Amino acid sequence: MAAQSIMDSLFQHTLSDMIKSLRHHPIGESKLISKSLDEIRREIKSTDPSTKSTALEKLTYLSSIHAASDMSFASFPIVELLSSPKFPLKKTAYLAASHSFHSSTDVLLLITNQLRKDLASANEHEVCLALNLLSVIGTPDLLRDLTPDLVSLLSTNKLLVRKKAIALTFRVFENCPDSVRLLFRRLVENLESSDQGVVSATVGVFAELVGRDARSYLALAPEFYRVLVDCKNNWVLIKVLKIFAKLAPLEARLGRRIVEPICEHMRRSGAKSVVFECVRTVVSCLSDYESAVRLAVDKIREFMGESDPNLKYLGLQALSVLAGKHLWAVGENKEAVIKALSDADPNIKREALRLVMMMVSESNVADICRILVNYALKSDPDFCNGILRAILVTCCRNDYEVVEDFDWYVSLLGEMSRNPQCREGEEIERQLVDISLRVKEARPELVRVARELLIDPALLGNPFVHRILSAVAWVSGEYVEFSRNPIEIIEALLQPRANLLPPLIRAVYIQSAFKVLVFCVHSFFFPRETVRSFSLDNLASRVSGLLSEKEDPESLNLAIRDTSTDFEMDKDFDLRFHSRTAEEIAMENVGDDAYADGQSSSSVVLQNPLFTHDCVLNLLNLVKVALGPLSGSDEVEVQERAQNVLGLVGLIQQEISEISLVEMEGTVREKKSKASTIIQIMQDVFSEELVPVAMTVQERVLAPEGLVLSENLAELDAICGDIIPPESSSFYLGGNLFGDKNSVSTSNQRNEEESEEPSSESTSLLAQHRKQHGLYYLPSEKVDAGSSDYPPANDPQSTDNLIDGAQDLMMLTEQSLVTKKKPNHSKPRPVVVKLNEVGEMPVLPVKPMQELKDNSLSGAIRDVLLGNDTKPSSSQRKSSEKSSRRRMVTDLPLDSVGPSKSIENVAIASLDPASSSSRRSKHRSHGKGGHRSPEKNVGSEKEDGKKEKKKSHRHGRSKTRHRAETTLNVPAESPVIPDFLL
Amino acid sequence: MIRAVMVMNTQGKPRLAKFYQYLPPETQQDLIRRVFAVLSSRPDNVSDFVEADSIFGPDSRLVYKHYATLYFIFVFDSSENELAMLDLIQVFVETLDKCFKNVCELDIIFSFTKIHTVLDEIIFGGQVLETSSSEVMKAVEEIARLEKASNAISLVPKSVSSWQTR
């Protein structure tokens, strides 16, 4: 063993040897590292301290750079080396300790004494090592034990040590609030040091402390103010500005006081960092001071004009902070903002996008979105999705507040889905379903957009679009009555490429196909009603002008009710059918069609052959062929739904094929067949309208009597323990109805400009695809034609679009800024169904654990600031002062921060140039004053009753009381500092 | 408060990693890898700020500077000024430059402890303590002198070992 040790120390590899060999063998690095670790494990046990130290050095290196090893096995050797009298060994040990020790390292208990020794060392660098270690691993225990040793270091002549000791106080205060009593006063004294480094360190500590709990330090504002005015050091200025940014919102008069010096710095300073900090302070907490904001905006413009991307970025950031209150500032700089949209830097682009979205209003949303969507097509995937996300978020804010024209928005969603880089499928899906449920008037357009997406087989290959496809499939199924050609929809839903979809979405497809099928067969059996409701709906959506405002919603409702209730009214209808001849019906059909779709000849063509006997039979066959293989699918959802549809087909197919052509044309329909009854029932089920439901509704349903919710169901578990319940398929209702407010949905007058869509287009294409490739062919050219309003991605002309776009944007944003009021729209906005948030209690913010600690810290600091600690020096005190102070305290209306008043008042006095010399003594005396206040309160309790009582409680400093107060979140206290700084 | 200082080369190999709150070595390496993934995807001549919330949690910012083959990275929270941090990187690099006379990556690789000494003089427990590179140099030289003085006594095994590796 001894020999081994000597060999080790003689032939030990040093750190640089090890690094060298690691560099020479880049391939077998891990092997080499583990070999070195073995060596280290041996060497670290050596009795020779320098061998041990070298081993430790190597271990630290490996752990820090290569994450090679847990260093816990070296804990004890570290402790041994910490006590080495040799500086280099000690230093190595300290480095290793600061790298590897943490609050749960057990050897921490052993180093307290060593640290104390080093803190008292004559060698300032040894003291620094100890301080440094404490700044990293200082646990409450350790720091509490060592606080007395720190006190003298806070005023030592060795500036290096003093600075580090000051910086350490932050950690001390954080971890053991009790130490505040000992350290705080000395810390404050360092603010007045002549050495810039010391002031800088002190201000740095306060900046951190204020960040945790600003209110406790309000009393020190005069000191900080002096630093702000006098200091020439940029680092200190920045920190002081940070402090004031936190303090100013708490005390209105403080803002008035500091705004001038800050503007002065903004004008004078040559350092961009200081200027920017001033700008940030102004925009974030002094935005009420017009002139300061003006100046800040000027500076921001300068920043954005710089070639340095850093300044540009920060300028944009400051602007977006300001945008909340001063939108005009964004408007003034919009050229720069819009230019930044095409910057090379993704950060800058993102900020610019955020600003552009802030300028969106009802009047310009359509145009801005159009330009941005086109711009997205040319952007890199990240930014493209950033744009899409921004549009989606902006448009759906507050229940689609900015959207006036839902037809436009729905087609925009459709267009966004077609963006090949689109990754926002989930959100688009959510919004499509959401709009379909909430905005009745958008449904026809929604169905049109859904159709376009559904019949495009190319989209099925893009997994990011699948969620959208699931939404459009659902929409097409649910609102099939708005569809021009249900058969086309069902073909799209059952196309073979749908196999590419994940099972859950496949299931949605099948379910939607189910709905469409029922609709088709139903309208085959009961053409009269269907056609009527069909055309009425169309009518309602198309020529609203022809119907009076009142009539319109009624008829719409009627149409829907018709379908849902006509089972009961069957007889009634039967009678009516009796009285009509086939001719009559046909006549009416034509009449209806002509009336409703005067402009689109296609509808007539489509609707007539739609539900012929052959057609329905073909349809049933198609469903059978397409879903047959799926009835054996492994996926529960898919299999079950396919079975459902096939079951229905099986039930009705036989009967339908038996109906002869003659019968069908004639009056046979009133003969109640089994099939028609089934279809009627199914149709009733599906025509039940889905409405948005608030999240909390479930809670309002009372439990039926006799239901024991807490009944033990363990036995049930035992029975079906091995059966996994299938996932709920009704994710639409659950997932997409985010808790909103439900109000009565009065359906409003519906208006929609005639969509120029596809009369001729769809017919010709339909004919074409049938002719060409049978049922499954779906023309893709349609896609281009459909979105011809917008230039496609690689359109040659789109290159100059960018500039055009920028100019357009500029014009548009101008609009939004100039005309802030809503333009008088010719048509009213459709109603967005909202959910009433009834009985929703605002949730009390959960109090983080941190708070408790902070409170004890702020409590301790208030103690010190108020002088609650009994200092012998503060015992004498003038009687005149006493009386005046008492008056002041009792007169002041505020109880919660009462105690801090006295000190502030005095501190204010000290700001006076004349009285600056007397500040120390005043400090002391006001401390005493605070101390006295409890008695005083007792004295005045009779007069002031409860208010005063509260105060005395506070002075009693019960921790729980303290906490309760903050939890209640006492409303903004009115002036805390009487005559502060004035 | 500064949360971390990192130096890594353009291949993503860490050269210095200092975290001002204890993190296990694996977590440190993971963070370094994620930072590198972000930095390496950024072109030159763009801003030196990176939104780091996704890597370091809320309220964290990251600035970096790219010198020759090295990235210098500072991670900090809202109580620091971004531009000042850029200046601080400059101070750090300047000091290293003075320390090693034209610093290069090799210097940083082989002077592991010295880099830490320099950094500890500039940043203490996450707070900026010294911003003048000449002051830092003074302290660092003083420490080096101290180390040398006590090393002189135990010079023998070291010289033997360096002879042995030659």
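I began with strand β5 (residues 70–76) of chain B: 5 of its 7 residues are buried, so the strand is largely enclosed by the rest of the structure. Buried here asks for 20 or more other C-beta atoms within 10 Å of a residue's own, with C-beta atoms placed from the backbone; strands are DSSP E runs of at least two residues and helices are H or I runs of at least four, numbered from the N terminus.

The model is predicted, with pLDDT of at least 70 needed for local features and 80 or more for side-chain atom pairs, while totals for chains, interfaces and linings use all residues. Residues count from 1 along each chain as its sequence is written, and chains are lettered from A in the order written.

I then looked up the partners of β5(B). Strand β1 (residues 2–9) of chain B pairs with β5(B) in the antiparallel sense over 7 bridges, pairing being at least two DSSP bridges. B:M6 has B:I73 as its bridge partner there. Strand β4 (residues 61–67) of chain B is also antiparallel to β5(B), over 7 bridges, and B:R61 is bridged to B:F76. β4(B) and β5(B) make a hairpin with 2 residues between them, where B:A68 has a positive phi of about 45°.

Next I checked the interface. I found 54 residues of chain A in contact (C-beta atoms within 7 Å) with 48 residues of chain B. Helix α10 (residues 159–175) of chain A gives the largest share of chain A's side, 7 residues.

Last, I looked at A:L493. A:L493 touches, among others, A:L454, A:Y509 and A:V516, leaving out residues up to four places away in sequence.

How values were computed. A residue is buried if 20 or more other C-beta atoms lie within 10 Å of its own, exposed if 12 or fewer, and partly exposed in between; C-beta atoms are placed from the backbone. Two residues are in contact if their C-beta atoms, placed from the backbone, lie within 7 Å.
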